[in-house]
Amino acid sequence: MAQITLSKANTIIKAALAKGAELGLKPLSIAVLDAGGHLKAFQKQDGASMLRFEIAFGKAFGALAVGAGSRSVEKFAKERPHFVEGLVAASGGHVIPVAGGVLVKNAKGDILGAVGITGDTSDNDEAAAIAGIEAAGLVGDGGQG
C-alpha cells in the first residue's frame, strides 16, 4: 500500500515553509497526516498563535474524511451546514471546514495523506501546502474544483 514517508513529510514541511517565506506569509503551522489520519510530522513557526496544531490537523483531517481538499469541506459547510455539523461531531471535533487542507496523492491518484496549514489566509495556506507537496514529487489536491 502506498504511504507517505517521514522523509517526504519533512520535505513537504520544509518546502511549504520556504514558500511561506517567499510570499512573506505570517508564521505557519503545518501538519502532515498519513492516509489513516495519523500525524506523521508537524512544525509550528516561531510567533504562531495557540491552537495552530489543532487547526492545521483539522484541515488535513477534514480533507481525508471526505476524500477531497478542505476547500470542498468549506463549500459543503455553506451549502449543507447540517452535514458538516454532523461531520465535525462524528470526528470528535477534529474537522476544520476551511481551505488549507490538501490531499497528498501519488501520480496514480492514490491518496497518501493530507497536509493542513494555518497561519495566513486560507488561500495562502493552501498555496504553501501545494508547493510543499509538489516539492516532494507528489500531487496536491486542495479541492479547488
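This is a predicted model: local features need pLDDT of at least 70, side-chain atom pairs count only at pLDDT 80 or more; totals for chains, interfaces and linings use all residues.
**Entry 1, salt bridges.** I counted 7 salt bridges in the model. I then examined three of them in turn.

I found a salt bridge between E22 and K19, with the closest N and O atoms 3.4 Å apart. Both residues belong to helix α1 (residues 6-23), and because they are 3 residues apart there, about one helical turn separates them. I noted E22 as exposed, at 60% relative accessibility, and K19 as partly exposed, at 24%.

E126 is buried, at 7% relative accessibility, whereas R71 is partly exposed, at 24%.

I recorded a salt bridge of 3.0 Å, N to O, between the side chains of D141 and K105. D141 sits in strand β5 (residues 139-141) and K105 in strand β3, 36 residues apart, and here too distant parts of the chain are linked. D141 is partly exposed, at 24% relative accessibility; K105, at 19%, counts as buried because the limit is under 20%.

I located N106 in the loop between β3 (101-105) and β4 (111-118). N106 is buried, at 15% relative accessibility. A polar atom of the N106 side chain lies 2.9 Å from the backbone nitrogen of D110. Leaving aside residues up to four places away in sequence, I listed A2, L112, L138 and V139 as the contacts of N106.

Terms used:
Residues are numbered from 1 along each chain as its sequence is written. Side-chain values use heavy atoms; hydrogens and water are left out. Helices (H or I, at least four residues) and strands (E, at least two) are DSSP runs, numbered from the N terminus. Buried means under 20% relative accessible area, exposed over 50%, partly exposed in between (1.4 Å probe, protein chains only). A polar contact is a pair of N or O atoms within 3.5 Å; within protein, one must be able to donate a hydrogen and the other to accept it, and residues adjacent in sequence count only if both atoms are side-chain atoms. Contact means heavy atoms within 4.5 Å. A salt bridge is a side-chain nitrogen of Lys or Arg within 4 Å of a carboxyl oxygen of Asp or Glu.
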